[in-house]
Amino acid sequence: MTILDEPYGLGGEDFAHVAKEVPAAMMFIGAGIPGRSHSGLHMPQFDFEEAVLPVGAAILVNAALRHSNGSNT
């Protein structure tokens, strides 16, 4: 697994406005299918590797549990 820690801009994304009001984080999980040409989000050909769904779900569950236990890290 590769973790990239770098700035990413989304143009019209309003998430930053939410993050000003409440603790927030944004993550991207690479889910491309090897050997398939890239098709962008919101495109009819969009597809992703469903095997990454448990990874994303586990990250979100862990974050929710840590938050409910008062952890800031």
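1. The accessible surface of the protein chain comes to about 6,700 Å², and carbon and sulfur atoms hold 59% of that. Areas here come from the Shrake-Rupley method with a 1.4 Å probe, and for residues only the protein chains shown count as cover. Do keep in mind that this is a predicted model, where local features need pLDDT of at least 70, side-chain atom pairs count only at pLDDT 80 or more, and totals for chains, interfaces and linings use all residues. Residues are numbered from 1 along each chain as its sequence is written, and side-chain values use heavy atoms, with hydrogens and water left out.

2. Of the 73 residues in the protein chain, 7% are buried (buried is under 20% relative accessible area, exposed is over 50%, and partly exposed lies in between, with a 1.4 Å probe and protein chains only).

3. The protein chain has two helices and zero strands (DSSP runs numbered from the N terminus: H or I of at least four residues for helices, E of at least two for strands). Helix 2 has 16 residues, which at 1.5 Å a residue should span 22 Å, and the 22 Å between its end C-alpha atoms agrees; the expected span is 1.5 Å times one less than the number of residues. Just after helix 2 comes Gly 70, with a positive phi of about 85 degrees.

4. Ile 59 sits in helix 2, residues 53-68. Its relative accessible area is 37%, so Ile 59 is partly exposed. Together with Met 27, Ile 29, Val 55 and Leu 60, Ile 59 makes a nonpolar surface patch of about 400 Å².

5. Now look at the loop between helix 1 (15-19) and helix 2, where you will find Phe 28. Phe 28 counts as exposed because its relative accessibility is 52%. Its C-alpha atom is 9.0 Å from that of Gly 56, 28 residues away along the chain.

6. Phe 46 also lies in the loop between helix 1 and helix 2. With a relative accessible area of 37%, Phe 46 is partly exposed. Beyond its neighbours within four places in sequence, Phe 46 is in contact (heavy atoms within 4.5 Å) with Ser 39, Gly 40 and Leu 41.

Conventions. Patch = residues over 30% accessible without salt bridge, like charges linked within 9 Å, V, L, I, M, F, W, Y side chains within 5 Å. Salt bridge = Lys/Arg side-chain N within 4 Å of Asp/Glu carboxyl O.
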